[in-house]
Amino acid sequence: MKASIRNKYGSPDVINLTTRSHIPFPQKDEILVKVKATTVNRSDCGVLTGKPWAIRLFTGLLEPRLKVTGTDFSGVVVSKGDDVDKFNIGDDVYGFFDQGIGSHASYFCVSTKKAILKKPWKITYEQAAASLEGAHYAFYFLDKVVLKKGDKVLLNGGTGAIGNAALQFLKYRGIHVTVTCETDYIPVLESMGADKVVDYTKEDFAKLDDQFDFVFDAVGKSTFWKCKPIMKPNAIYVSSELGPYWQNPLLALIAQFIKGKKVKFPLPFSIHRSMVFINELIEKDKFRPLIDQRYPISEIRDAFEYVMSGKKKGNVVLTFD
Ligand SMILES: NC(=O)c1ccc[n+]([C@@H]2O[C@H](COP(=O)([O-])OP(=O)(O)OC[C@H]3O[C@@H](n4cnc5c(N)ncnc54)[C@H](OP(=O)(O)O)[C@@H]3O)[C@@H](O)[C@H]2O)c1
């Protein structure tokens, strides 16, 4: 079996694709999954590099606790521990754990206490793997903002994994969405229901002659101050990034004591909760992940390089022979 191993934090160069002769054996609460597809996403990049440093509190301070990379997967249960009753051998499953789950491998064992669900039959293995990371964060960034049907949202970065899932979640709720992307992807986002698409290479969204109830910068390229002119008096600003001076969490704390335009900085917590929502929307045909490049596992370093370039459109899938 193939596995992507690294023994230290660093760039994609620290990864070695190894061939192991043995397949792991599941513990009592674990399933053994034959991986059909997985992705390289921004969480994988954090787990690989150990940056930002705070991530090491969860993944290992000086060196990574988990040597095999990978945070999400879809595949087939091929064996299970004695205590597992949720899944059967032959079930198609998919799951995600942002601190690393060791899924960049042909086979891996995972505890059924992690966020794992049966894969909806309507989507492929590739779509299933690509439905998780960005969509999980999109769910939490939107979850803390109260919006009603017809409210106007400015979504910066509609071709990011988070932004693209957010676009579909907002449209599901009947929200009016103005979204940014580069020229070539305007028709793609329009086909996904965007009400207005702004080409960010030609126009600065913060100078639009419009007012929004919520500004969500899904690629973390703006600031609250820059967006204030396009925010309605009680509008909310959320960014997926800390901000250039790490100001967003602080502004969110202060926001509790002030009136008017505010920053929120939601912290994602239960992946089980977001996965139930994602699964429901897949079943209702209201969410499908945007997939960009596909790489065979043998080209995993290239896949990481591409994701780190900040240029991926939606999700980058890793496939197995
Ligand atoms: N706070 C958290 O818990 C958390 C968790 C996960 C990720 N994040 C952060 O969230 C951000 C987004 O993650 P992601 O996985 O969704 O990103 P991603 O998929 O890597 O985003 C890349 C996409 O964003 C577009 N983009 C880049 N600059 C843009 C701009 N100025 N305006 C509009 N679109 C732009 C790119 O389009 P072009 O190719 O056309 O430039 C590309 O399609 C990352 O910065 C990541 O570090 C935060």
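# Close-up views of a predicted model

View 1. The largest cavity has a volume of about 50 Å³, taken as the space filled by probe spheres set on grid points joined across faces, edges and corners. It is lined by 13 residues, and those closest to its centre are Ala 130, Ala 161, Ala 165, Phe 287 and Asn 315; a lining residue has an atom within 4 Å of a point. Helix H4 and helix H5 (residues 161-172) each supply at least two residues of this lining, and H5, with 4 residues, gives the most. Helices (H or I, at least four residues) and strands (E, at least two) are DSSP runs numbered from the N terminus. By class, the lining of the largest cavity holds 7 nonpolar, 5 polar and 1 charged residues, where Ala, Val, Leu, Ile, Met, Phe, Trp, Tyr, Cys and Pro count as nonpolar, Asp, Glu, Lys and Arg as charged, and the others, Gly among them, as polar. Residues are numbered from 1 along each chain as its sequence is written, and side-chain values use heavy atoms, with hydrogens and water left out. Because the model is predicted, local features need pLDDT of at least 70 and side-chain atom pairs count only at pLDDT 80 or more, whereas totals for chains, interfaces and linings use all residues.

**View 2. The crossing of helix H4 with helix H9.** Helix H4 (residues 133-143) and helix H9 (residues 271-283) have axes that come within 9 Å and cross at roughly 100°; axes are lines fitted to C-alpha atoms, for helices over the stretch in contact, and angles run from 0 to 180 degrees between N-to-C directions. On the side of H4 the contact (heavy atoms within 4.5 Å) is made by Ala 135, His 136, Phe 139, Tyr 140 and Asp 143, and on the side of H9 by Ile 271, Arg 273, Ser 274, Phe 277 and Ile 278. By class, the residues of this contact are 6 nonpolar, 2 polar and 2 charged. H4 has 10 of its 11 residues buried and is therefore largely enclosed by the rest of the structure, where buried means under 20% relative accessible area, exposed over 50% and partly exposed in between (1.4 Å probe, protein chains only). The buried residues of H4 include Ala 135, His 136, Phe 139 and Tyr 140, which also take part in the contact with H9.

**View 3. The second largest pocket.** This pocket has a volume of about 330 Å³, a pocket being an open set of points with protein on both sides within 12 Å along at least five of seven lines. Its lining comprises 19 residues, with Leu 66, Ile 101, Gly 102, Phe 108 and Cys 109 lying nearest the centre. Strand E6 (residues 107-111) gives the most to the lining, contributing 5 residues. By class, this lining divides into 11 nonpolar, 4 polar and 4 charged residues.

**View 4. Two lysines in loops.** Lys 313 is placed in the loop between helix H10 (300-308) and strand E15 (315-319), and with a relative accessibility of 12% it counts as buried. Leaving aside residues up to four places away in sequence, Lys 313 touches Thr 159, Glu 182, Tyr 185, Leu 290, Ile 291, Asp 292 and Tyr 306. Lys 67 is placed in the loop between H2 and strand E4 (72-80) and is partly exposed, with a relative accessible area of 24%. With residues up to four places away in sequence again not counted, Lys 67 touches Ser 4, Ile 5, Arg 6 and Asn 7. The C-alpha atoms of Lys 67 and Gly 100 are 9.4 Å apart in space, while the two residues are 33 residues apart in sequence.

View 5. The peptide bond from Lys 51 to Pro 52 is cis, with omega near -5°, and Pro 52 is found in the loop between helix H1 (42-49) and helix H2 (56-59). Trp 246, a residue other than glycine, has a positive phi near 55°; this residue is placed in the loop between strand E12 (231-239) and helix H8 (247-255) and counts as exposed at 61% relative accessibility. Asp 285 likewise has a positive phi, near 60°, and is placed in the loop between H9 and strand E14 (291-296), where it is partly exposed with a relative accessible area of 49%.

Key:
On a 1 Å grid over the protein atoms alone, a cavity is a set of points where a 1.4 Å probe fits but cannot get out, and a pocket is an open set with protein on both sides within 12 Å along at least five of seven lines; lining residues have an atom within 4 Å of a point.
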